[in-house]
Amino acid sequence: MNRAALRRAAHTEWGPLYGTVRTALARKKLRAIPMTLAAVVLTAVFQVVQNQSWGFQPVQRIGSVQAQLPWWVALLRTPLSLFVPALDLPVWGALVQVLLVFGIAEICLGKWRTLAISYVATLAGTMYARLAIHIGPDSVFGLPAEAAKVVDTGPSAAVVGLAVFVSWRYRAWFSCAVVVLAMVVEVLVKPNLAGKEHIAAVAAVLALCAVDEVRRRRREGRAEGDVPPCGRGPGRGHGRSLGRGRNRGQRSGAPASRS
């Protein structure tokens, strides 16, 4: 494939998405992503606090999720668990993920939809962990009992879900497929709790994509149904009013428009 073909393919894949993000940042600068910046600051604060001798336990109580917890406690902690960096991973990775993926999603989808999708993806992973432990390690979908004690925090499931949804919405099919394939490969290489939660997040967001696609097509169908058939004018009354206005203009000496 030559350079021109690659350029056309890249423009088809990322052109609309790039144009949307570039325009928003050019007009509003950082004011285009206030929720994302707040999420980055919150993640950094949680990282600093949980590494203090006095702050580890408070952060765990409000944002640490484990499958062994009662479900209602997990539900209460899940929203903040997005912004508590995993202890075994470098914090800069979480900050970069939030800044880039949340920022693009906030511009393209809006802050409330971005938060909703990220929460659904994270919640899907959290709830799947309970089901997988119940199934047990003998199934490809299951997990061993000790996985119930694993601390489950971080924005990775939300990041994966948002990447899939934005790619789908902007018809970046190759990018969407790459994200999904990467999650499948992750599970095949290392079938642990995090990898299987990412698959659950992808499945949940793909279901949201399907629902969103059906709603958009229904709206487009209704909009097409409201368009008058070809060859018909805008309406009798509108036509008569235009005719009277043109006649009055000619009688008053004003030049007639050329249409």
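Let me start with the largest pocket, which is lined by 28 residues; Ala86, Asp88, Leu89, Thr153 and Ala194 lie nearest its centre. A pocket here is found on a 1 Å grid over the protein atoms alone: it is an open set of points where a 1.4 Å probe fits, with protein on both sides within 12 Å along at least five of seven lines, and a lining residue has an atom within 4 Å of a point.

Before going on, a word on the source. This is a predicted model, in which local features need pLDDT of at least 70 and side-chain atom pairs count only at pLDDT 80 or more, while totals for chains, interfaces and linings use all residues. Residues are numbered from 1 along each chain as its sequence is written, and side-chain values use heavy atoms, with hydrogens and water left out.

Back to the largest pocket. Its space comes to about 750 Å³, where a volume is the space filled by probe spheres set on the grid points, and points are joined across faces, edges and corners. Helices H5 (91-109), H6 (111-135), H7 (156-169) and H9 (193-226) each supply at least two residues of the lining. Helices are DSSP runs of H or I, at least four residues long, numbered from the N terminus. The lining has 13 nonpolar, ten polar and five charged residues. Nonpolar covers Ala, Val, Leu, Ile, Met, Phe, Trp, Tyr, Cys and Pro; charged covers Asp, Glu, Lys and Arg; the others, Gly among them, count as polar.

The second largest pocket holds about 230 Å³. Of the 14 residues that line this pocket, Leu17, Ile104, Ala163, Val166 and Ser167 lie nearest its centre. Two or more lining residues come from each of H1 (3-28), H5, H7 and H8 (173-189). By class, twelve are nonpolar, two are polar and none is charged.

How many cavities of 30 Å³ or more does a search of the whole structure find? The search finds one; a cavity differs from a pocket in that the probe fits but cannot get out.

Now the packing. The largest nonpolar core has 37 residues, and Phe102, Leu109 and Val205 touch the most other members. Such a core is a set of buried Ala, Val, Leu, Ile, Met, Phe, Trp, Tyr and Cys residues joined through side-chain atoms within 4.5 Å. Buried means under 20% relative accessible area, exposed over 50%, and partly exposed in between, with a 1.4 Å probe and protein chains only. H7 gives the most to this core, with eight residues. Leaving out residues up to four places away in sequence, Leu109 touches Thr114, Ile117, Phe165, Val166 and Arg169; contact means heavy atoms within 4.5 Å.

There is one aromatic pair. Trp168 and Trp173 sit edge-to-face, 5.5 Å centre to centre, with 80 degrees between the planes. Rings of Phe, Tyr and Trp (its six-membered ring) pair if their centres lie within 6.5 Å; planes under 30 degrees apart are stacked, over 60 edge-to-face, and the rest tilted. Trp168 is partly exposed at 22%, and Trp173 is partly exposed at 43%.

Last, Gly195, in helix H9. Is Gly195 buried or exposed? Gly195 is buried, with a relative accessible area of 0%. Beyond its neighbours within four places in sequence, Gly195 is in contact with Glu186 and Val187.
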